[in-house]
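Here is a short briefing on one protein chain. Look at the structure first, then read the points below.

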Amino acid sequence: MFWLFYNYHPKYPYQKKIWIKVRFLHETDKAILVYCNNREIWIPKSRVYKIRLKKSVFEIYTKESSVE
């Protein structure tokens, strides 16, 4: 049965998730204002999958499309 799903490709383009280094500026109930890549970006909390502190730098795990 495993061989049926082995070569399965999704119908829609797969969106890659990435870790980005950020500085938190402001937070509301539904979104976070962050500073990354010399820009201020509002990221919805529904798009934030994980947050970690690595070597005293905050990183957010999110979809690549939400940073562009």
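Thr62 is buried, with a relative accessible area of 0%. Buried means under 20% relative accessible area, exposed means over 50%, and partly exposed lies in between (1.4 Å probe, protein chains only). This is a predicted model: local features need pLDDT of at least 70, side-chain atom pairs count only at pLDDT 80 or more, and totals for chains, interfaces and linings use all residues. Residues are numbered from 1 along each chain as its sequence is written, and side-chain values use heavy atoms, leaving out hydrogens and water.

**Thr62 and its surroundings**
- Thr62 sits in strand β5, residues 57-63. Strands (E, at least two residues) and helices (H or I, at least four) are DSSP runs, numbered from the N terminus.
- The Thr62 side chain reaches the backbone oxygen of Arg47 at 2.8 Å.
- Leaving out residues up to four places away in sequence, Thr62 touches Lys16, Lys17, Ile18, Ile20, Arg47, Tyr49 and Val67. A contact means heavy atoms within 4.5 Å.

**The chain as a whole**
- The protein chain has 1 helix and 5 strands. From the N terminus, the order is α-β-β-β-β-β.
- Of the 68 residues in the chain, 24% are buried.
- Take the contacts with a separation of 6 or more: 41% of them join residues 24 or more positions apart.

**The nonpolar core**
- In soluble globular proteins, nonpolar side chains tend to be buried together.
- Here the largest nonpolar core has 10 residues: Ile20, Val22, Ile32, Val34, Cys36, Ile41, Ile43, Val48, Ile60 and Val67. Such a core is a set of buried Ala, Val, Leu, Ile, Met, Phe, Trp, Tyr and Cys residues joined through side-chain atoms within 4.5 Å.
- Strands β1 (17-27), β2 (31-36) and β3 (39-44) each supply at least two residues of this core. β2 gives the most, with 3 residues.
- Which residues does Ile32 contact, leaving aside neighbours within four places in sequence? They are Phe24, His26, Glu27, Ile41, Trp42, Ile43, Lys45 and Val48.

**The surface**
- The accessible surface of the chain is about 6,100 Å², and 54% of it belongs to carbon and sulfur atoms. Accessible areas come from the Shrake-Rupley method with a 1.4 Å probe; for residues, only the protein chains shown count as cover.
- Phe24 lies in strand β1. Phe24 counts as partly exposed because its relative accessibility is 32%.

Notes:
A polar contact is a pair of N or O atoms within 3.5 Å; within protein, one must be able to donate a hydrogen and the other to accept it, and residues adjacent in sequence count only if both atoms are side-chain atoms.
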